[in-house]
Amino acid sequence: MFFFDKHELRIPGPVPVPPKVLLASASPMINHRGAEFREKLPLVLDRLKPIFATENAIIALTGSGSAAMEAAVANLVNPGDPVLVLVGGSFGQRWLDICTSYGAKVLELQYPWGKGVDPLDVQAILKTHPEIEVVFATHNESSTAVLNDIEGIGEVVNQFDALFVVDAVSSLGGSPLETDNWGVDVVCTASQKCLLTPPGLAFVSISQRARSRMKKVTSPRFYLDLLRYEEMLMQGETPYTPNIANFFALEEALNLIEAEGLENIYARHYLMRDMIRVGMQALELPLLVEEPWASPTVTSVRPDFSDVVGFCRRLEQKYGVEVAGGQGLFAGKIFRVGHMGYATPLDMVTTLAAIEASLGQYGKACAAAEKTWDDWIKENQGASGC
Ligand SMILES: Cc1ncc(COP(=O)(O)O)c(C=O)c1O
């Protein structure tokens with residue numbers, strides 16, 4: 001491959017990191033118990049609050065998104081506690097696996113992979129199981145490219161006594177998640193997706209209700225003891241050495257996010273989604289997910305040719321465009337195009353150009369995507385489009 005480092009990373013995270021963010025991550029190291037970091041930590045966490053749309057405290061963990069998920073379970077669930085887990089793909093399954101590891105009494109609501117959760121089903125199950133204490137959901141199920149209706153599910157969960165915990169690892173910063181307005185008690189996310197930063201930091205927001213429960217929960221925890229992180233945050237510190245380089249990077253990423261503005265960012269993600277979807281339709285490549293659930297950060301395609309893995313490999317080897325394959329049930333059956341974070345409409349055209357060229361169908365997908373982009377520019381007069 002020519003210039004093997006000039007790669008088009010189109011997977012659902014980690015995402016390409018903007019040069020300014022990468023440069024910041026190479027800043028000289030500082031003392032994590034010194035004045036500079038003590039000032040930086042609370043400021044950076046405060047700047048995340050508008051993205052979480054919350055007044056709740058936000059905790060930073062050094063780890064990946066799964067660390068945030070495990071922290072939520074370890075701090076909220078005792079062995080034997082009845083919990084409800086909503087599953088429609090590998091990341092819903094991850095909630096199930098973590099809750100089971102912590103000895104919860106798990107009730108699962110399974111959905112066919114590729115379909116979203118129906119809030120009315122959640123309501124029905126909570127009515128028949130009022131003992132449920134915590135509900136775990138996935139905002140954006142990256143394994144299928146389904147965006148769940150967290151507002152609708154939150155409305156239902158809030159009619160009962162249960163706490164509501166959401167994995168927003170592949171959505172936060174790419175799709176609105178109104179933590180406070182939608183009644184979400186705990187939100188888990190990570191640095192390497194829509195937050196434009198390398199992997200290595202995870203974040204958890206904690207409501208007052210969740211904090212009260214954490215004080216009573218007795219499950220063993222040490223590194224993931226969130227109340228200890230909250231306590232230390234009062235002094236501007238973390239209990240253990242944090243990923244300082246990622247904090248430098250995140251500050252720069254937040255500058256970019258604040259300059260673009262959240263509304264513009266969300267609009268860009270929906271535009272990119274629509275460009276990829278019309279492009280695939282123009283190539284007669286079936287989309288896995290129907291409109292109401294189609295994710296703004298990743299799109300799944302289920303081609304009718306058999307060698308999907310080989311197709312992805314050729315795309316990468318010849319064009320340097322790397323898309324993701326399927327996971328679990330969909331391994332070898334689908335491919336997924338990531339369009340989150342540091343991605344533009346032009347990146348979508350490039351990706352579609354590689355896909356249509358590799359199928360020998362020149363121009364079809366790009367023309368459809370270009371029209372979607374032009375229509376969007378007309379509708380959003382004054383938008384630069386790029
Ligand atoms: C929706 C979702 N949840 C959780 C995770 C797990 O995050 P990590 O791989 O950072 O542990 C991912 C990672 O892709 C994800 O997409």
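Start with the side chain of Thr299, which makes a polar contact with the side chain of His339 at 2.7 Å; a polar contact here is a pair of N or O atoms within 3.5 Å, one able to donate a hydrogen and the other to accept it, and residues adjacent in sequence count only if both atoms are side-chain atoms. Bear in mind that this is a predicted model, where local features need pLDDT of at least 70 and side-chain atom pairs pLDDT 80 or more, while totals for chains, interfaces and linings use all residues. Residues are numbered from 1 along each chain as its sequence is written, and side-chain values use heavy atoms, without hydrogens or water.

Thr299 sits in strand β11 (residues 298–301), strands being DSSP runs of E, at least two residues, and helices runs of H or I, at least four, numbered from the N terminus. Thr299 counts as buried because its relative accessibility is 3%, and buried means under 20% relative accessible area with a 1.4 Å probe, protein chains only. Among the residues Thr299 touches are Ala145, Arg273, Phe335 and His339, with contact meaning heavy atoms within 4.5 Å.

Now hop to helix α8 (residues 226–233), where Leu226, Leu227, Tyr229, Glu230 and Met232 are buried. Those buried residues pack against β2 (57–62), α3 (65–76), β10 (201–206) and α7 (208–216). At the start of α8, a side-chain oxygen of Asp225 comes to within 3.2 Å of the backbone nitrogen of Leu227.

Terms used. Buried < 20%, exposed > 50% of the residue type's maximum accessible area, 1.4 Å probe, protein only. Lists of a residue's contacts leave out its neighbours within four places in sequence.
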